[in-house]
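This briefing concerns the structure displayed below. Please keep the sequence and the coordinates at hand while reading.

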Amino acid sequence: MADHPSNVSFEHDELNDSSRRNALVAASAAGAIGAAACAIPFVTSFEPSERAKAAGAPVEADISGMAPGELRRVEWRGNPVWIVRRTPEMLESLKVTESEVVDPKSLKPYQLPTPPYAQNQARSIKPEYLVVVGICSHLGCSPGDKFTPGAQPSLPADWPGGFLCPCHGSTFDMAGRVFKNKPANANLDVPPHTYLTDTRLLIGDDKKA
Amino acid sequence: MATADKNIGTSGVLGWVDQRFPLTSTWKAHLSEYYAPKNFNFWYFFGGLATLILVLQIVTGIFLTMHYKADSAKAFESVEYIMRDVPWGWLIRYMHSTGASAFFIVIYMHMFRGLLYGSYRKPRELIWIFGCLIFLVLMAEAFFGYLLPWGQMSYWGAQVIVNLFSAIPFIGPELSLWIRGDYVVGDATLNRFFAFHVIAIPLVLLGLVTAHIIALHEVGSNNPDGVEIKAKKNAAGIPLDGIPFHPYYTVHDIMGVSVFLLAFSAVIFFAPEMGGYFLEYNNFVPADPLKTPAHIAPVWYFTPYYSILRAITSDFILWGLTPFLLVFLAVVWMSRGTKSLSKLIATLAVGAMLVGFLVLDAKFWGVVAMGASVMIFFSMPWIDNSKVKSIRYRPTWHKYIYAAFVIVFLVLGYTGVQPPSPVGQVIAQVGTLLYFAFFLFMPWWSEMGEFKPVPDRVTFAAH
């Protein structure tokens, strides 16, 4: 059959050589695996580059001279970190909101595990100063501060003061704990942080005391 | 010479080409001898207009890339440079930005035409599927393009949409990191979105548009009466109610194009920002990763789906979605015409969702509902059981259902541009249920009622 190359014809039965068919299938399968493997470098090239991974060093923040009720923003790993000096009324409001938030004990963190020193009602080392990553656990917007209690647009009449995410309306109390029945499902993250002095804060690392 | 055997009816230069390339035959097959129904109305302008806008977007886009810089430190500035310093740059940029909104207006009209006249029904299912894919790809194209000016809305819009993927259980956070290429939306994200916007997605779009038109020309166009014109042909095999696309509809479409360009130019010259709807005011502020603007909303064409995303809360899952799905399941089981296999599949799907409601949180279901609200269009050819294609011969109350659907779509669009509020949320939640009810209950309501007799030939009066 195949011994007559000069007499090339494409009769059906002449092509029906099962051993060649198997070789064809095997070769195609091997080729397909190779082609699929070629996707690996392209897909992997989407991952954060070495440079992006290296960026993310801890940052220092100066908290001297903060007025009660003041919020300062510092950038850490490209994200906003808020430092809020809370008034006694703000801290008092946490007792009321304790029962209105999803996760009062911060057992289900968003992206960062809650450091042990923040596993308390005020979610902070010093109750007066709140340090949280200002990124909403819903879809990553940065909530705005709505510290004044009472009724106002997009907020309930008995608003105790806290944060409102402008994107999808999630609300957080003065300790960054998310209220029930909101799109967001987790509290604002508390980054690892430590006090270098009374007025200097290191954000991103809690080992270098 | 093998080519001499070809029977072509042309000679000279054209004959030389036709021996080697199917020029005349392609021209005939798709234009001068492609027979379209003679009773096309207003709604049939939009397919051609969508093609026109596609060309406009490609041409203006090419010229914009000559001045734009895809670098997070320079992008915002380079767009301002185009607007202020590049000769006529402002016009090219406004054509491109207005073109994006015009594209969606035209596509929504084109899709609505399909709903009205049953253009997705046998044998046109694949045309509809290609069309739905075009719509999806177009949304991706618009989304990628919106990051490029690197304004506040660009930045936070991209942040929200990329984070949608993080709601997927297990792989979500890694997936959104992979899409961004950095821990936050940054330079890496901007560069890859630029590549997608200017080359990858447009290539896919062109391929899909070609497939859409090839499928259309294979089966022939539907028309406002939903009558198959190929059923009645003359001795030469030409549909009695068909007229050649060229010159009849090419000339006809020039009229539509003129009216469109009149409106399009008016927007470009007098209201290119369209009151903040075509170009949002916050996007004239450079991206600031530390501060989300007080009010953020996507561009108008995404807001109905965005409203659905926002509507899904844990309360709503309990008192809204769960009863809704149980009612749906009850209807499936009570319906006599439904096969047992379909009943089983529906039961398993609803059961899986109810279990899922307990296990996974509202954030994930918001993303699912938003995805489903777009993907559900694909099912149209198989969920519409009406005896006739065209709305003209359906029971009159079907028209009210379509009108209600359009109103729900517009209301969802409206609540989507508004800041979140308790009242707006309830409206969006009711709207979400009505939106899905339109599709999920269509297999039953579409076959109910008194249908009107369909004529043998299209209804047409010469002007």
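The model is predicted.

**Contact between chains A and B**

- Chain B contributes 32 residues to the contact, and chain A contributes 26 residues.
- On the side of chain B that touches chain A, at least two residues each come from α7 (152-164), α8 (172-180), α12 (314-334) and α14 (362-375) of chain B.
- The largest share of that side of chain B, 5 residues, is supplied by α7(B).
- By residue class, the side of chain B that touches chain A comprises 16 nonpolar, 10 polar and 6 charged residues.

**Helix α4 of chain B**

- In helix α4 (residues 75-84) of chain B, the buried residues are Ala75(B), Phe76(B), Val79(B) and Ile82(B).
- These residues lie on the same side of α4(B) because they cover an arc of only 120° around the axis.
- The elements that cover the buried residues of α4(B) include α3 (46-65), α5 (89-117) and α9 (187-219) of chain B.

**Sheet of chain A**

- An open sheet of 3 strands in chain A has the order β5-β6-β7, with antiparallel pairing.
- At the edges stand β5 (144-146) and β7 (171-172) of chain A; each has a single partner strand, so one side of each is left without a neighbour in the sheet.
- Strand β6 (residues 162-164) of chain A is joined to β7(A) by 2 bridges, and the two run antiparallel.
- Opposite Phe163(A) stands Phe172(A), which belongs to β7(A).

Technical notes: Residues numbered from 1 in each chain as written. Chains lettered and ligands numbered in written order. Predicted model: local features only at pLDDT ≥ 70, side-chain atom pairs only at ≥ 80, totals over all residues. Buried ≥ 20, exposed ≤ 12 C-beta atoms within 10 Å, placed from the backbone. Helix = DSSP H or I, 4+ residues; strand = E, 2+ residues; numbered from the N terminus. Arc of directions from axis to C-beta. Contact = placed C-beta atoms within 7 Å. Nonpolar A, V, L, I, M, F, W, Y, C, P; charged D, E, K, R; others polar. Pairing = 2+ DSSP bridges.
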